[in-house]
Every structure is written in C-alpha cells, then in structure tokens.
Amino acid sequence: MNRRAFFNWSVAGLAAVWSAVGIAVGAVARFLVPSVFYEPPQNFKIGNPGDYSFGAPTLLPDEKIFVFRDQEKGFAVASAVCTHLGCTVQWFASDDRFHCPCHGSIFTANGEVAHGPAPRGLEWFEVTQARDGQLRVDKSRVVPASYRLVVKA
Amino acid sequence: MISISEVYRSIVRRDPLSTEKGKAELVFLNLWLHIHPVKVKKENFRIRHTWYLGFITFYLFLILVGTGVALMFYYRPYPAQAYQDMKDLQFVVFMGSFLRNVHRWAAHGMVICVILHLCRVFYTASYKKPRQFNWVVGVVLLLLTLGLSFTGYLLPWDQLAFWAITVGTNIGGYAPLLGAKIKEVLLGGHNVAEGALIRFYVLHVVVLPALVVLFTMLHFWRIRKDGGLSRPVWKLEEETTTEGLVQIGSAAASPPRNESVSAASNDKTYGLMEVVTGSPLFETVATEQVDEEVFSFPFAFYREAIAFLITLVSVMAISLAWSAPLEEIANPAKTPNPAKAPWYFLGLQELVSHSAFVGGVLAPTLMVLLLLAVPYLDSNPSRRPAARKWAIWIFTAFMLVNFVLIIVGTYFRGPGWALTPPWVHVAGHE
C-alpha cells in the first residue's frame, strides 16, 4: 500500500465512522417520541342504560363525550372535543346545537358544522352493550352519525 | 507573607482607573466587560437613537433568570403539585408572590421590548449592510422569547394556562404532514397532561434559556464586529462626507474606497485595537485623537447601569402594585368561555378563529419568513428615511395589522368568540 492509497482509505474510514455516529445521533431523536402513554383508555364503560335520560344529551366531562338517548332509536355517543382546536363544546338546549367557547364554532345535533372555523363535524363513537349490561364506548372506532345502539328494555 | 495588595493585584491586574491606560485595561482585561469597546462614540449612547431597548430586553432577561431560578426551588412540574406550589408561592413562601410577580411582568416586558427593539432597528434601517445577519439573529431571539413565554404560560397549571396551551398546541397539529407528530412530541402524549407539563418545563428552564444565551452572545458579538451600536449615519454623512480613517476589514460600502489605501494583502485584514496614552505594553503607535470618542469607563457603564436600575425598579414597582393572575386549577373537563391564548398570541387566535390552517400555520410561517428575509429583500442601500418610504409604509402596515388583531382578540371577543365590545357584559357566562 502506498502513501496515497493509505491516505484515501483513512479518509474513507473516517467518513464511515462519522456517518455511523451521525446516524446513531439521528436515531436518538426518536427518544423524544414517547413509547408509552399514561392516558385514560379509549375503550371504557359508562354505566347502565337506565342512567341516561331521554332528550338532551348528557355530557361526561372527563371522557369528553355526549351520550344521546333517543326514545325509539336508542343510544349514540358524540365527541365533545371541537374539531377546530380541541376545546370542549357545550350543548345549548335553546337552539339544540353545540357551541364551542374558544372560536365560536357551532355544530348541529347531528354533529355537522353549522357555523365557524371547525373544519369537520364532531366525531361519533361506537357504543355497545357489555355482557354486564353496561354501555361500552370505544373512542378508537369512529362511526357514522346515523349509528344507534338499540337496547332491549 | 502575602500582602493584601499582592492578592488584589493578582486578581485585578489593570492600572488605576485614574489613568487612561487603566480605563482601557478595565475593559479589555476583563472577561465580562470586554464585550464593550474600550472607547465608545458619545453619539451612540444618545437615548433617542436606540431608546436602550436592546439593553432593557437583556436586563429583563437577566431579571427573569434570577427570579426564575428562585421559583424553581419551590416549583414541582407535576399536575398534582404544580398548582399547589403556585398557591404556596402566592400565600405561604416569604416573598414568593413578589418574585412570581416580577417574573411574570418582566416576561411580558421582555416580549414588548423585543418587539419595540425590532421596530427601532427597522425604522433606523440598522439591518442594512453589514448588519443583515444580525437582524436574522434578532428575529431568532424574538421567536425564542415567544417560545419562552408560551412554555412558561403552562407551568402554573390553572385554567388559563391549560386551555391556552390546549389551543396553542392544537394549532401546531395543523402543520402539514408532521402536524400530529409535532403535537405528540411537544405534548409527550395526545392531551395536555403531565407529559406536556414536564416537557414544557424542561424547554422553559433549560433548553430555551440556553439558546437565548447562545444567540444573545452572537447578537452582541456581531454588533461589535459590525461597527458598534447603530447610529443614524445619514445625519452624520450630511455633516462630513469623507471620514479620514482607514477602513478595516470588509466595512461599509458607502464611501467609495481609495484603492491606494485598501488591501495590503487580499487574504488578511488588520485591525488597530485601541490607542491609549501611558507606558505601552507593546509598541508605541501614535494617532490623532478622535474627539467624539470617550472611554467606556465610566461613560457607557454609567449609562448602562442607569438603564438597568430603571428597568429593575420599574418591574419591582409594577410587581408591588399588580399581582400576576392565577385562576382556578386546570380542569380538562371544563373549557372557560371564552378561552384565550396569551395576549401576544391573541392576534394569532383571531386569525385562527377564521381558519385554523391559514391563520395558525400559513400566516405565521409567512410572517416569520418575511421578517427573516427583510435585510435581503430590501435592496435599497440608503438608510435615509426619506429614501425608503415604501419600506417604512409596508413595515408600519405589517405591525399595525398585528396590533389590531391583538386588540380585537384581547378586548373585542366575548363568550363564544362573538364580537363583543369590552364595555358590554354578557350575563350567563363565566
């Protein structure tokens, strides 16, 4: 091996080591993305059907959902989180609509955007009846607004 | 036996301050003072040239570091404790509420002073050659200041903090492609919860202050390298068209360079550091005294000390008169109505109330890019206000739009973000 070859190999070797270090450092950035979330479960029970009255929806503030109970059609669960910037919407019985306090978005009782900056309607979540008779909501399963759970009395 | 004077001499090696050499050595033999030139132009320290806004911003930052470190002795960044610690600081800890007030008002003051400083630099055209890059550093410092304010806003963990940060981080979620990921990394989760609190805390007390210190050092260094504090040269140019001084380095382009003087060598530049009287360390260089220059000690230091004193006393007085607000404890289940971001982001919130993507991502990104590009977009070499009417009009309009948006967001938005004048009280909302 002559001087020039040795020099070239050295440069190549150093470049390889630096690249490896660079990739390793870049991979460490993944460290910032959490691997585990200590957050409330997406799938939870919300009590017995009898706990809910007919008519105006019931807000479960911790779960951030509205539970609708309809005389004939049954149960439906809507998200209470505004699709705009995440504030909790409020139900106004005066006009049968959801109003967002942050930026004035208004949603109809079907969750559709009636007014304001919200880019899309409120989400509806799947609600089923667990074996023990309680209602079970799964926030990871979004369903159409027409979805209803009919509970046998 | 070592005498006291020997110990003193080992620490302070300069000549007595009664001599010119001592005054010069005070500056250039001292690590903390040598950011100053040994001599300054009297003209540069006139209040109406800079209003000392850069100094005041820096002093407020020092006050914020001091009070912030003090608050850290009591504050625990965990939702169950954070709010209780705020209450302790407010009612139990000796001087706790005073220190918190100083920290809060100094923070607001710093945001205001950074913005006013930006305006001053623009209106005096101080971003022009050779200071283009220092303007960019300044804009980065503005963004870091806003970042510090935003991360600090969450720490009290009250309703205001919680919902301001919920809205703020959801705006980040609208960024294209990476939006959801940015939000997840920023919050350490999907909601504003303990993960977000510790992340904001680390950003607030370590990461962002460290960046501010680094960029401030660069900012100050470049001021020195770019020719000292900026002054209205167009006024001076009217008085004397040619300055009888040798130009050093790649200095201003304005007066055409005399070829016989410039460039002894193409790859080296020489600088004469300072000329003082007294027995020399190296070699005697004689030059004519520039009469408008004075020693930094005491001329500049005195003025800086007064500016610091006024800053500190003002913040302390404000803190005695007004307390930093603290609402009820953060309640993720109940959004206050209206929920508002910190005032400096209310212009943004006003835009966001029309469209989250355009107002929350597109407009602020364009605004920042526009600010960063100012020295490169403005190709007009003149610093004379009369010769740059368009630049002044555009900048004034830009600032005015932001100002009006903030005023509307702050005072004219009521419950449900409805347009409500501040003198109208809407019943039935809290």
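In which sense, left-handed or right-handed, does H4(B) cross H12(B)? In this predicted model, the crossing of H4(B) past H12(B) is right-handed.

The model has an ipTM of 0.85 and a pTM of 0.86. For chain B, the mean pLDDT is 86, with 88% of the residues at 70 or more. Two stretches of chain B fall under 50 in pLDDT. One of them covers residues 241-245 of chain B, where the model has one contact beyond four places in sequence. The other covers residues 257-265 of chain B, and this stretch has four contacts beyond near neighbours in sequence.

Chain A is assigned two domains, with domain 1 spanning 3-32 and domain 2 spanning 43-143. A distance of 54 Å separates the C-alpha centres of domain 1 of chain A and domain 2 of chain A. Between the chains, 19 residues of chain A contact 29 residues of chain B. On the chain A side, the residues that touch chain B comprise eleven nonpolar, six polar and two charged residues.

Two packed helices are described by the angle between their axes and the distance between the axes. Helix H4 of chain B, residues 53-72, and helix H12 of chain B, residues 296-321, pack with their axes 10 Å apart and at an angle of about 55°. At this angle, H4(B) and H12(B) are therefore oblique to each other. H4(B) contributes B:Phe55, B:Ile56, B:Tyr59, B:Leu60 and B:Ile63 to this contact. Their counterparts in H12(B) are B:Glu304, B:Ala307, B:Phe308, B:Thr311, B:Leu312 and B:Val315. By class, the residues of the contact of H4(B) with H12(B) are nine nonpolar, one polar and one charged.

H4(B) also packs against helix H6 of chain B, which runs over residues 96-123. The axes of H4(B) and H6(B) come within 8 Å and cross at roughly 155°, which means that H4(B) is roughly antiparallel to H6(B). The crossing of H4(B) and H6(B) is left-handed, whereas that of H4(B) and H12(B) is right-handed. In the contact of H4(B) with H6(B) there are 16 nonpolar, seven polar and two charged residues.

B:Asp88, B:Leu89 and B:Gln90 of H5(B) meet B:Gly96, B:Ser97 and B:Arg100 of H6(B). The contact of H5(B) with H6(B) contains one nonpolar, three polar and two charged residues.

Backbone geometry was also considered. Most residues other than glycine have a negative phi, and most peptide bonds are trans. Two cis peptide bonds and one positive phi are reported here. The peptide bond joining B:Lys129 and B:Pro130 is cis, with omega at about 5°. B:Pro130 lies in the loop between H6 and helix H7 of chain B, the latter covering 132-154. A cis peptide bond also joins B:Phe297 and B:Pro298, where omega is about 0°. In chain A, A:Lys64 is a residue other than glycine with a positive phi, near 55°. A:Lys64 is found in the loop that links strand S2 (58-60) to strand S3 (65-70) of chain A.

Notes. Residues numbered from 1 in each chain as written. Chains lettered and ligands numbered in written order. Predicted model: local features only at pLDDT ≥ 70, side-chain atom pairs only at ≥ 80, totals over all residues. pLDDT = per-residue confidence, 0-100. Contact = placed C-beta atoms within 7 Å. Domains from an automatic or database assignment. Axes fitted to C-alpha atoms, helices over the stretch in contact; angles between N-to-C directions. Helix = DSSP H or I, 4+ residues; strand = E, 2+ residues; numbered from the N terminus. Parallel < 35°, antiparallel > 145°, perpendicular 65-115°, else oblique. Left-handed = near helix turned anticlockwise from the far one by under 90°. Nonpolar A, V, L, I, M, F, W, Y, C, P; charged D, E, K, R; others polar.
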